[in-house]
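User: I would like to learn how to read a structural model feature by feature. Please show it and start with a single residue.

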Amino acid sequence: MANSMAEQLQQDMECEGLLECIHGLKQLDKECFRAMVESDEPLTIDEVAERVDRERSTAYRSIQRLLQSGFIQKEQVNYDQGGYYHVYYPTDPTQISNDMQRMLNDWYAKMGQLIQEFEDKYEHVEDTPTPVEG
């Protein structure tokens with residue numbers, strides 16, 4: 001991923017790049033998310049791990065990042081004889097999009113504030129003469 005905003009703007013990006021750019025998700029996270037999107041029903045961690053060909057613990061960490069970012073939901077399924085397990089499914093894309101738009105708006109407002117602070121801090125520099133070395 002590009003280091004600066006200028007580099008990011010020059011890159012060819014796909015919509016999945018938002019997962020990395022906005023939320024800092026990794027390639028495996030994107031693969032796990034895609035596995036859940038392509039499934040007709042919620043998946044267990046073991047099922048996700050199998051679909052992305054990774055160890056259960058690796059898939060679990062990826063699923064935790066997806067949960068924290070709001071890209072997936074977790075549901076508890078209870079056994080009749082007691083006990084339970086969890087299944088995971090993707091969050092509605094409209095909700096994800098709305099959340100990303102809010103985050104982008106917050107970021108834009110913050111950057112605007114920082115730009116104004118930069119201008120306020122350094123505009124007086126133009127008014128003072130630069131010393132001549134001699």
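Analyst: Take Asp53, which is exposed at a relative accessible area of 68%. Exposed means over 50% relative accessible area, buried under 20%, and partly exposed in between, with a 1.4 Å probe and protein chains only. This is a predicted model, in which local features need pLDDT of at least 70, side-chain atom pairs count only at pLDDT 80 or more, and totals for chains, interfaces and linings use all residues. Residues are numbered from 1 along each chain as its sequence is written, and side-chain values use heavy atoms, leaving out hydrogens and water.

User: Where does Asp53 lie, and what is its phi?

Analyst: Asp53 sits in the loop between α4 and α5. Its phi is near 55°, a positive value in a residue other than glycine.

User: How many helices and strands does the chain have, and what pattern do they follow?

Analyst: Helices (H or I, at least four residues) and strands (E, at least two) are DSSP runs, numbered from the N terminus. Here there are six helices and two strands, and the pattern along the sequence is α-α-α-α-α-β-β-α. Of the 134 residues in the chain, 23% count as buried.

User: At what angle do α4 and α5 pack?

Analyst: Axes are lines fitted to C-alpha atoms, for helices over the stretch in contact, and angles run from 0 to 180 degrees between N-to-C directions. Helix α4 (residues 45-52) and helix α5 (residues 56-69) pack at about 105°, with axes 9 Å apart. That angle makes α4 roughly perpendicular to α5 (65 to 115 degrees; under 35 is roughly parallel, over 145 roughly antiparallel, the rest oblique).

User: Which residues in α4 and α5 meet?

Analyst: Ile45, Asp46, Val48 and Ala49 in α4 meet Arg56, Ala59, Tyr60 and Ile63 in α5, where contact means heavy atoms within 4.5 Å. By class, this contact has six nonpolar, no polar and two charged residues. Ala, Val, Leu, Ile, Met, Phe, Trp, Tyr, Cys and Pro count as nonpolar, Asp, Glu, Lys and Arg as charged, and the others, Gly among them, as polar.

User: How do the axes of α3 and α5 cross?

Analyst: They come within 9 Å and cross at roughly 80°, and α3 and α5 are therefore roughly perpendicular to each other. Leu28, Asp29, Cys32, Phe33 and Met36 of α3 make the contact with Thr58, Ser62, Ile63, Arg65 and Leu66 of α5. Its classes are six nonpolar, two polar and two charged residues.

User: Is Asp29 buried or exposed?

Analyst: Asp29 lies in helix α3 (residues 27-38) and is buried, with a relative accessible area of 0%. Not counting residues up to four places away in sequence, Asp29 touches Ser62, Arg65 and Leu66.

User: With which side chain does the side chain of Asp29 make a polar contact?

Analyst: A polar contact is a pair of N or O atoms within 3.5 Å; within protein, one must be able to donate a hydrogen and the other to accept it, and residues adjacent in sequence count only if both atoms are side-chain atoms. The partner is the side chain of Arg65, at 2.9 Å.

User: Where is the place of Gly83?

Analyst: Gly83 is in the loop between β1 (72-78) and β2 (84-90). It counts as partly exposed, at 45% relative accessibility. Gly83 touches Val77 and Asn78, not counting residues up to four places away in sequence.
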